Amino acid sequence: LERRDPRQPQRLIRMRQRLLTLPVMVAIVVSLVWRRVPSVAELQKVLAREGLLGIAPLRVSAQAITKRLDVLPAAVMGQLLVDVCTRLQAQMPVTLPHPSWAAVRAQFSQLAIVDGSTLEALRKKTAVLRQREGLVLAGRVMVMVEAFSHRPLWQLYTEEVAANDKRFAAEILAALPVGGLLIFDLGFFSFLWFDAFTDQQKYFVTRMREKTAYRTVQVLSQGPYYRDEHIAVGQYRSNPCQHPLRMVSVWWQGTWYRYLTNVLTPQELSARQVCELYRRRWRIEDAFALTKRLLDLAYVWTGSTNAVQLQLYATFIFYAVLLTICQQVAELLGEPLERISVEMV
């Protein structure tokens, strides 16, 4: 490579070509995940001996790889994750667990689940980290996955381990397309957020928080073990919910379970489907367990915040591909996706 010396326009300066280009770094960070390479030093040996993911054998130092992990913009890998998921979605559309869900899938532009998870401890390689007592956690990640395929759709990282989930409400809502439906837990319970969904023509399903004051507006249907009604919530609050909500209550093993949604008509989403969608919320816990246990996200390579984000993106890229393969296996065997062992695949 050559560039002109600004002080002497006639003089060309020869520059060494970068070895650790973007394709090489993508091969490195993804290979760290899928080949379960235990360290950068070991990966440097593999790269020199046999190459990685179509990259020819390349001799560079482990220190050079570590430095590149610290400065390679994490946003580049984030965009790559989006591109991979978009391409996988186009090549392998979501397989529904039962034909009865086809009408629901057609009704909403997207069915998604969101939740947060705290990452494991950083390795204290830097002097700054070594000065801090006890474990230093790597941060917190917020992840949105597709409700049926569990493919990652969006993620957000913060170094603040104790960050409240509600802090990310605006970013999460922005990531959901108009007409989409989001499933979330009590950690996001907020009247203002519920109103924002309705105002933006987006939808949600969540649990009803205990001791939340509400008033029944209309009973849609009821029986000995269930009740479906329109309600007004927050009647004793200074800022109550401005839009009516729908509450589905189900009696199960001696306890009433209550679910909230702003999908007000049973024709769009039946009471049974409201309950079933919320039951699927626990599938995101499986996603966190798989990425941490099976894909080694519980083991953070480095103490660099930038490298932590690169590891996150690389893990979710491989996870998205892995789930697509699981879906292909499920279709070949004629079995629902939930019966396919991701670990065995």
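Colleague: Is Tyr225 buried or exposed, and how should I read its accessibility?

Modeller: A residue counts as exposed when its relative accessible area is over 50%. In this predicted model, Tyr225 has a relative accessible area of 54%, and is therefore classed as exposed.

Colleague: Where in the fold is the place of Tyr225?

Modeller: Tyr225 belongs to the loop between strand 8 (214-223) and strand 9 (226-233). A hairpin of two residues connects strand 8 to strand 9, and these strands run antiparallel, joined by eight bridges. Within this pairing, Tyr214 stands opposite Val233 of strand 9.

Colleague: How many aromatic pairs does a search of the whole structure find, and how are the rings of Trp251 and Trp256 arranged?

Modeller: The search finds 15 aromatic pairs across the whole structure. For Trp251 and Trp256, the ring centres are 5.5 Å apart and the planes meet at 65°, so this pair is read as edge-to-face, given that planes over 60 degrees apart fall in that class.

Colleague: Which residues do ring pairs link into a cluster?

Modeller: That cluster consists of Phe184, Phe188, Phe189, Phe191, Trp193, Phe194, Phe197 and Phe204.

Colleague: Over the face of which ring does Arg281 lie?

Modeller: Arg281 lies over the face of Trp282, at 4.4 Å from the ring centre, while Arg35 lies over the face of Trp34, at 6.0 Å from the ring centre.

Note on methods: Residues are numbered from 1 along each chain as its sequence is written. This is a predicted model: local features need pLDDT of at least 70, side-chain atom pairs count only at pLDDT 80 or more; totals for chains, interfaces and linings use all residues. Side-chain values use heavy atoms; hydrogens and water are left out. Helices (H or I, at least four residues) and strands (E, at least two) are DSSP runs, numbered from the N terminus. Buried means under 20% relative accessible area, exposed over 50%, partly exposed in between (1.4 Å probe, protein chains only). Two strands pair if DSSP finds at least two bridges between them. Rings of Phe, Tyr and Trp (its six-membered ring) pair if their centres lie within 6.5 Å; planes under 30 degrees apart count as stacked, over 60 as edge-to-face and the rest as tilted. A charge sits over a ring if NZ of Lys or CZ of Arg is within 6 Å of the ring centre and within 35 degrees of the ring normal.
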